[in-house]
Every structure is written in structure tokens, then in C-alpha cells.
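Subject: Handover of a structure and the findings from it

Dear colleague,

Please find below the structure that I am handing over to you. My notes on what was found in it follow directly after.

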Amino acid sequence: MKRFVFVLALSTLVGFSLFSQINATVTEISGRVEVKLPKEEWKPAEVGMALSNGTFISTGFKSEAKLLVGPSEVNVRQLTRMELDQLVAQGDTLTTGINLRVGNLRANVNTAEGLSNDFQIRTPVSTAAVRGTQLDVTRVAGGMDLKVIKGEVVMFPTPITVSYTHLRAHETDS
């Protein structure tokens with residue numbers, strides 16, 4: 001029995017060491033930008049503020065915030081509400097998940113030497129999964145409006161309509 005408890009404790013410690021939470025950092029602010037950290041009230045964002053998994057970000061009219069998430073940069077544009085719902089480093093993979101509730105953002109998804117970057121932006125209708133890409137995402141009624149500036153993006157679920165580097169995903173009745 002003692003051996004079983006020891007093996008269980010050791011495997012738990014090894015599992016936690018392979019997986020760790022990371023933070024995003026606020027690098028620039030203009031206008032009114034507020035954050036809601038997990039289990040806290042809304043408060044004004046500050047440059048240098050560390051944002052953990054589960055943090056909501058809200059920008060006002062003529063307001064923006066820039067975030068650094070690992071090697072990637074996210075520019076949260078005016079009148080946007082989003083959640084950082086997945087910030088995890090596991091082994092050699094950095095996983096970032098953003099839930100875009102309303103508004104628009106620009107992501108410049110970079111890779112760091114020795115790390116792969118699994119970066120996803122979700123709306124209620126679709127998800128854009130990106131690697132080494134620069135893109136604009138706007139939450140629109142019934143879907144997502146996505147403009148790929150550089151790189152490649154995978155969107156799911158389909159259907160989507162494609163026009164050059166501009167993608168639009170909307171709910172359908174099919």
C-alpha cells in the first residue's frame with residue numbers, strides 16, 4: 001500500500017511539472033481598458049499587469065490594449081470583450097485559447113525557438129486555429145469575420161466562404 005501511495009504521489013508531481021499555467025502581460029493601453037481576473041471584480045488594466053487563465057478583458061470606445069502571450073502579440077481593439085480561457089505550457093507546446101465574445105482583435109502569432117504554438121480564437125460559432133500567422137478576427141452576429149494578413153489559418157466547423165485572404169464563417173441551417 002505504501003508503494004502504491006508513493007508511486008501515485010510521484011506520478012502526480014511529474015504530471016504537474018510537465019504542465020504549467022502561463023500569464024499574458026499587458027504591454028500597452030490607450031483609452032478605457034478593464035480586466036476581470038478570476039474571482040475578482042472589474043478593474044482598470046495597467047501596463048505590466050499579469051493576466052492569468054480565466055481573465056476577461058473589455059475595451060471601451062476608442063480604446064485598445066496590447067497583450068504579450070509567450071512570443072505572440074494580441075491587439076484588443078475598441079468595444080471588445082474577450083476571455084483568456086487557455087494559457088498553458090506543456091512540454092514544448094504553448095497553448096493559447098481566446099474566447100472572443102464581442103468585438104475584434106488582431107493576433108500576431110509567433111513561434112519561439114524550440115516551442116510550438118497552438119493558438120486558437122473561438123466564437124460561439126467557429127474556431128480559428130493558427131500557427132505563425134497574423135490575423136484580424138471580428139465577432140459578428142452568427143459567426144466570425146476573419147482576415148488573414150500573413151500565414152495560414154484552419155477554421156472549423158465548416159461551412160465557410162472564402163474570398164482571397166478574407167474568410168467569413170456563419171451558422172447555417174444545414
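With which residue does Glu28 form a salt bridge? The partner is Lys66, and the closest N and O atoms of the two are 3.9 Å apart. This pair links distant parts of the chain, since Glu28 lies in strand β2 and Lys66 in strand β7, 38 residues apart. A salt bridge here is a side-chain nitrogen of Lys or Arg within 4 Å of a carboxyl oxygen of Asp or Glu.

Before going further, please note that this is a predicted model, in which local features need pLDDT of at least 70 and side-chain atom pairs count only at pLDDT 80 or more, while totals for chains, interfaces and linings use all residues. Residues are numbered from 1 along each chain as its sequence is written, and side-chain values use heavy atoms, with hydrogens and water left out.

Overall picture

The protein has one helix and 15 strands. Of its 174 residues, 38% count as buried. Buried means under 20% relative accessible area, exposed means over 50%, and partly exposed lies in between (1.4 Å probe, protein chains only).

Two strands pair if DSSP finds at least two bridges between them. Strand β7 (residues 64–69) pairs with strand β2 (residues 24–30) in the antiparallel sense over six bridges. On its other pairing, β7 runs antiparallel to β8 and is joined to β8 by five bridges. There, Lys66 stands opposite Asn75. The hairpin of β7 and β8 has two residues between the strands, and Gly70 in this turn has a positive phi of about 60°. One face of β7 is covered, with Ala65, Leu67 and Val69, whereas Glu64, Lys66 and Leu68 form the uncovered face.

Strand β10 (residues 93–108) pairs with β8 (residues 72–76) in the antiparallel sense over four bridges, and Val76 stands opposite Leu105 there. Strand β9 (residues 81–90) is also antiparallel to β10, over nine bridges; Arg81 has Val102 as its bridge partner. These two strands form a hairpin with two residues between them, and Gly91 in the turn has a positive phi of about 60°. The pairing of β10 with strand β11 (residues 116–122) is parallel, over seven bridges, with Asn99 opposite Arg122.

The nonpolar core

Which residues touch the most other members of the largest nonpolar core? They are Leu51, Ile57, Met82, Ile121 and Leu135, out of 34 residues in that core. Strand β10 gives the most to this core, with five residues. A nonpolar core is a set of buried Ala, Val, Leu, Ile, Met, Phe, Trp, Tyr and Cys residues joined through side-chain atoms within 4.5 Å. Beyond residues up to four places away in sequence, Met82 touches several residues, including Ile57, Leu67, Val76, Ile98 and Leu105. Contact means heavy atoms within 4.5 Å.

A buried serine

Is Ser63 buried or exposed? Ser63 counts as buried because its relative accessible area is 1%. This residue is found in the loop between β6 (55–59) and β7. Its side chain reaches the backbone nitrogen of Arg32 at 2.7 Å and the backbone oxygen of Phe61 at 3.1 Å. Such a polar contact is a pair of N or O atoms within 3.5 Å; within protein, one must be able to donate a hydrogen and the other to accept it, and residues adjacent in sequence count only if both atoms are side-chain atoms.

Salt bridges

A search of the whole structure finds five salt bridges. Arg32 counts as exposed because its relative accessibility is 57%. Lys43 forms another with Glu40, at 3.2 Å between the closest N and O atoms. Glu28, at 43% relative accessibility, is partly exposed, and so is Lys66, at 23%.

Yours sincerely
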